[in-house]
Amino acid sequence: MIAVQDITKTYAGNTVLTIEHLEIPKGDSFGLVGNNGAGKTTLFSALLDLIKPTTGHIENNGIRVDQSEEWKSITAAFIDETFLIGYLTAEEYFYFIGELRGQNKADVDALLSEFEDFFHGEILGQKKYLRDLSKGNQKKVGIVATLIGNPEVIILDEPFANLDPTTQIRLKKIIKDLAADPAITVLVSSHDLMHVTEVCSRIVVLDKGEVVKDLETSEETLKELEAHFNK
Amino acid sequence: MFKHFITLQWKSFWRSASLSSGLWMKIFMGFWAIYLIVMMVVGSFGVYTYIDKELSLNPLEVINRFLIYWFVFDLIFKYALQKMPVINIKPLLILPFKKSKIVSFALGKTVFSFFNSIHAFFFVPFSILLIAEGDAPVFNVLLWNIGLIGLVYSNNFLNILLNNKDNLIYFVAGTVAILGGLHYFGYFDITQYTAPFFQGLYEIKWLFLIPIATAIVAYVISFRSFIKDLYLDAGLATKSKNIKTENLQWLDRFGKTAIFLKNDIKLIKRNKRARSTIILSILFLFYGLLFFTGSIEAYDGPVWKIFAGIFVSGGFLLSFGQFVPSWDSSYYPLMMTQNIRYREYLSSKWWLMVIATLLSTILASGYLYFGWESYLAVITGAIFNMGVNSHIVLWAGAYVKTPIDLTSNKKAFGDKQAFNVKTLMLSLPKMVLPMVLYAIGHYAYSPYAGFLLVALAGIAGFAFRNMVFDKIEKIYRTEKYKTIWAYKQKK
């Protein structure tokens, strides 16, 4: 589904990302871990064509992301709050995204009803603009918005950060459900090794912009990761 | 202690991402400031000689009559244009600074504002003339000036206080409009009551103490209200009020464009910064009065009619269009990852400007009072705006990479800049072409030929719509990464 070919990203002579080859098959649930500055967000941004790699390219569903925009209709992402429109209410935002993705109000409402638990009564009908919601609630909105319009690729940067424990548990279930769907490829980055080993079938460790580990998740994965980061 | 604040300001200026464009803008603003200064000095000489020689009246007395309007307009301009003292306050709160230091720095910065010093360029030459030509005693002129300085600074601090109260300024502006109207039509003359005060500043030795005291009181009050509000849940808090979800389904008839149109309307309704474009277009609606009433001699030339027409009908177009796509800067990465056709996005902005221009034109029908030729100028201006300027404005906007922080307006100490002076300046070139066209028609044949020429140019402009949209799309594409990067830099 996603193929990274020889990409590097250099800022003023400082290389922050070097990936020779990385293939993420369709239906995979892919976890990305690494310390700050390891290049996780850079990789995701390049994947979304928000930054241009210095060399190499990325293909999404066989489409080079920097040459065509066809990938946009099958891809959804929530990287940070710049993916939210601060002056809309949650409902308005969901409907706006829905309209962009060819979903009418009823479709969106149907989808939202599945996430009432996850919203915990703090999102819908709040009489607040998104900018006035707490960071955690903003994240809930952003995550659910990525699910509108049946995307085939879902990219979530640090989805667990800022969430309360209950919501983290519910989010894990949501991501697991997505991962179970063979039509959906999920990409998640996280600082929390436990979460990511729980929801992802494959985990890649980035260190200073390079892939240093590429693991199929198993019983030992968590230990192996902890050992790696405890160096 | 102040040294720290100054270095912080210095760094935030030189390290901001928009510096390169900001620097050019600052140079441009420099020219603008020089122009204003020259205008003030020339105006001061002009006014003095005009009153003295043409009207054979006492210049000081006449000026004193109109000073009330001078200072009220000063206040309105300050409110609309002057940036509030912005320093990044939150991180400073827990550092070992005295709160009073933070506040006095913020307030002290405003004292040196251009909006205060500009007055000197009018009143100093005027005072010199009073002494040299009018044989006024130096001492009294000095007293008069001190009083005026007091009033300028009263306004300065009053503006800071007013900035926290959204509705008060409309009340002030409304009152002035009514008083001005009553004065113009001869029902009630406020200046009869205020002129003695200004005259008193000149004649009575101690009266200057009143404006000085007012300024000090205004400073103390704003100082206190600032200090009191230096809490995260007070002045630094984001105010949120209950709001409700809107559907705006009636816009769906615009098809795909409606998705963005609905958003843009919410953008304007819900963000003070965006809302100011509406206020500006209303102001521009009245701008034509200066031209069509013939009250300002310099504007009597026929070519100025079309200039007025452009402004009257195009206030919104000029102030809003300039910042497409910057209005969407805070969520630009979202827009760039959604399945969006740039053309639909652009045409939504274009329709918004066209609708606003049509509305302004209808509202401007009041100018029929000054003869239908005046209104014809407005209509011609509107056609030119819709056909040509709407495209130029979007085109120019595509290069503007200054992020607009929509939310900052909600904070008590945030960037209160209601609209940008840049907007006004970038719009000047758009005035020149229609004026030249009109001049050709006017002087070669007749005024109507001039109007016709400008209108034809406007209609011809529609033909280039697709071409310009293609061009803008291309800019959006090639500048995409740079734009995303620039928008990421807050401030």
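## Surroundings of L130(A)

Leaving aside residues up to four places away in sequence, L130(A) is in contact with L84(A), I85(A), G86(A), L88(A), A90(A), Y93(A), Q138(A) and V141(A). Two residues are in contact if their C-beta atoms, placed from the backbone, lie within 7 Å.

This is a predicted model, in which local features need pLDDT of at least 70 and side-chain atom pairs count only at pLDDT 80 or more, while totals for chains, interfaces and linings use all residues. Residues are numbered from 1 along each chain as its sequence is written, and chains are lettered from A and ligands numbered from 1 in the order in which they are written.

## Nonpolar cores

The largest nonpolar core has 132 residues. Those with the most contacts inside this core are L47(A), Y93(A), F94(A), L130(A), I155(A), V186(A) and V188(A). Helix α16 (residues 372–397) of chain B gives the largest share of the core, 11 residues. Another core, of 29 residues, lies apart from it and includes W144(B), V152(B), F157(B) and A218(B).

A nonpolar core is a set of buried Ala, Val, Leu, Ile, Met, Phe, Trp, Tyr and Cys residues joined through C-beta atoms within 7 Å. A residue is buried if 20 or more other C-beta atoms lie within 10 Å of its own, exposed if 12 or fewer, and partly exposed in between, with C-beta atoms placed from the backbone. In soluble globular proteins, nonpolar side chains tend to be buried together.

## Chain B and its side facing chain A

Chain B has 21 helices and 0 strands. Helices (H or I, at least four residues) and strands (E, at least two) are DSSP runs, numbered from the N terminus. Of the 491 residues of chain B, 35% count as buried. Among contacts in chain B with a separation of 6 or more, 82% are between residues 24 or more positions apart.

In the interface, 26 residues of chain B are in contact with 27 residues of chain A. On the chain B side, two or more residues come from each of α11 (257–270), α14 (332–337) and α21 (480–488). This side has 12 nonpolar, 11 polar and 3 charged residues. Ala, Val, Leu, Ile, Met, Phe, Trp, Tyr, Cys and Pro count as nonpolar, Asp, Glu, Lys and Arg as charged, and the others, Gly among them, as polar.

## L130(B)

L130(B) is in helix α6 (residues 120–132) of chain B. With 23 other C-beta atoms within 10 Å, L130(B) is buried. Not counting residues up to four places away in sequence, L130(B) touches P59(B), L60(B), A136(B) and V141(B).

## Helices α3 and α9 of chain B

L60(B) is also one of the α3(B) residues that meet α9(B).

The axes of α3 (residues 59–81) and α9 (residues 191–203) of chain B come within 8 Å and cross at roughly 120°.

## Backbone features

A cis peptide bond, with omega of about 5°, joins V324(B) and P325(B). P325(B) lies in the loop between α13 (303–321) and α14 of chain B.

K127(A) is not a glycine but has a positive phi of about 55°. K127(A) lies in the loop between α4 (116–119) and α5 (135–145) of chain A, and counts as exposed, with 12 C-beta neighbours inside 10 Å.

Definitions and conventions
Axes fitted to C-alpha atoms, helices over the stretch in contact; angles between N-to-C directions.
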